[in-house]
Amino acid sequence: MKQTLTGIVVLLCIVTALAAFGAGWALSGSPVWLRFATLAAIMLGIAFVAIALINGALRRDASGLRQAILAVTPEQQETRQQLGDFEDLWPAFDVARQKIRAQIAAVEEERAKLAAVLDSMQDLVVAVDSAGRIQWANEPMRRELEGAVRHGQAIVHTIRDPEVLLCLQVALDDGLQTQRRSTSLKPGRIFEVNAGPIPGGGAVAVLHDLTRIEQVERTQREFIANVSHELRTPLTSISGYVETLLDFERNLSPQSREFLETILKNATRMTRLTEDLLVLARVESGENPIHPSAVLADKLVRDAVASVRGIARDAGAKLDMGTLDTVKVLADGDAITQVLSNLIENATKYGRPTTGEPARIEVSVEIKGAYAQFRVRDYGAGIASEHHERIFERFYRVDKARSRETGGTGLGLAIARHIVVQHGGKIWVESRMGQGSTFAFTLPVVQG
């Protein structure tokens, strides 16, 4: 193109000089303004011609450069046309072109790997854009919906389950992670739905199938409930006959009496265990519905303290009531009294200080915002932090030997947690070694 421009410039200089000379000779007798106007018109015309010629030369070389950049195969590169003055720039263009192609290939490879991983998952995954249109779905999702997934189609036309749609809507509108439970996506199937926003707009939902897990748990609960129910009758008979022998048989030897007392002790423990198993099975299965109503929080504390005061006295524990805020909470009185009684009874068993002094227990309730916070505090040895998360699990014991000695079943805290969660509250433990423990739970305050 450089030669082309040089030729154009030389040609235009010659044409301009000839035109100026000719115009000056032809208009030698004309007024000065006419000669300047004629010369300006000639120069303007020559400028338009020059622009057109230069534009054509640039477009021709740029077209060759574009075809060279778009060339894919080596054969196409070898047969590319000359690029004119762009020929010197071609190596830099070629390096940039190769880097961009390599980056695009790497991105496509990563995308293929991610798609393979998501397709191999057992969970169902679907992504939507900011307008709620399906952008992507993995193979399990497409298989479960039997080909109903259409890219670009509104999600509501594919999935009608309200829980899934609500999770996605919250993620799109508020940018929050949400979790819900879906029971109507497929007949007889239960899914845990987790949805959240994705960078650049849109949201993704992951559906985990809980059907098999819940079926197994239901079978286990039914088995435990049936076994516990069947054990209750013979255990009652054993305890009754042993108590009768101990009370009325005067010819028992000391050794026989000791044996019978051991039998009675273990039968009583097994009876408590079966009773706790039956309660836990009912609570977990939802067969033990609660009946919340507005009740005074301080009355719940007083009732619970009154029900276990005898146990505390027998254990030599000092049981006090601390702050008792007068506020109404939404609660099933019997269920919450059972929770408080379990916590106080545990404190009498495990809250004894290492110094050997009698256990000291304090029960209180205070308003904390929209909730009432119930606290049962002891001043015993405390619980190590590694047990705090697991202490509310079934049969989890911090000190197994001590639990067997005190006759604990390992189910009281699990039952308490289920009851508190049923009421919309939460339960936790605060403890430091050597400084005692506090078991606390919340219940919603009745507004208005």
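Tutor: The axes of helix α8 and helix α12 (residues 412-422) come within 10 Å and cross at roughly 25°. An axis here is a line fitted to C-alpha atoms, for helices over the stretch in contact, and angles run from 0 to 180 degrees between N-to-C directions. Helices (H or I, at least four residues) and strands (E, at least two) are DSSP runs, numbered from the N terminus. The model is predicted, and local features need pLDDT of at least 70, side-chain atom pairs count only at pLDDT 80 or more, and totals for chains, interfaces and linings use all residues. Residues are numbered from 1 along each chain as its sequence is written, and side-chain values use heavy atoms, with hydrogens and water left out.

Helices α8 and α12 are therefore roughly parallel to each other. The angle classes are roughly parallel under 35 degrees, roughly antiparallel over 145, roughly perpendicular from 65 to 115, and oblique for the rest. The crossing of α8 and α12 is left-handed, a term for a near helix turned anticlockwise from the far one by less than a right angle, whereas clockwise counts as right-handed.

Helix α8 (residues 254-285) also packs with helix α7 (residues 211-248), at an angle of about 150° and with the axes 8 Å apart. That angle makes α7 roughly antiparallel to α8. The crossing of α7 and α8 is left-handed. Sorted by class, their contact has 16 nonpolar, seven polar and seven charged residues; Ala, Val, Leu, Ile, Met, Phe, Trp, Tyr, Cys and Pro count as nonpolar, Asp, Glu, Lys and Arg as charged, and the others, Gly among them, as polar.

Two residues of α7 may be picked out. Gln220 lies in helix α7 and is partly exposed, with a relative accessible area of 45%. The class boundaries are under 20% relative accessible area for buried and over 50% for exposed, with partly exposed in between (1.4 Å probe, protein chains only). The C-alpha atoms of Gln220 and Ala281 are separated by 9.2 Å, although the two residues are 61 residues apart along the chain. Pro234 is also found in helix α7, and at 38% relative accessibility Pro234 counts as partly exposed. Between the C-alpha atoms of Pro234 and Thr271, 37 residues apart along the chain, the separation is 9.7 Å.

A further helix pair is formed by α9 (residues 297-314) and α10 (residues 333-350), whose axes come within 9 Å and cross at roughly 40°. That angle makes α9 oblique to α10, and the crossing of α9 and α10 is right-handed.

The aromatic contacts come next. A search of the whole structure finds two aromatic pairs. Rings of Phe, Tyr and Trp (its six-membered ring) pair if their centres lie within 6.5 Å, and planes under 30 degrees apart count as stacked, over 60 as edge-to-face and the rest as tilted. The rings of Phe374 and Phe441 have centres 4.9 Å apart and planes at 5°, so this pair is stacked. Phe374 belongs to strand β10 (residues 371-378) and Phe441 to strand β12 (residues 437-444), and the pair links distant parts of the chain, 67 residues apart. Both Phe374 and Phe441 are buried.

The rings of Phe392 and Phe439 have centres 6.2 Å apart and planes at 80°, so this pair is edge-to-face. Phe392 lies in the loop between β10 and α11 (400-406) and Phe439 in strand β12, so the pair ties together parts that are 47 residues apart in sequence. Phe392 is buried, at 5% relative accessible area, and Phe439 is buried as well, at 10%. Strand β12 also holds Ala440, which is buried with a relative accessible area of 0%. The C-alpha atoms of Ala440 and Glu430, ten residues apart along the chain, are separated by 7.9 Å.
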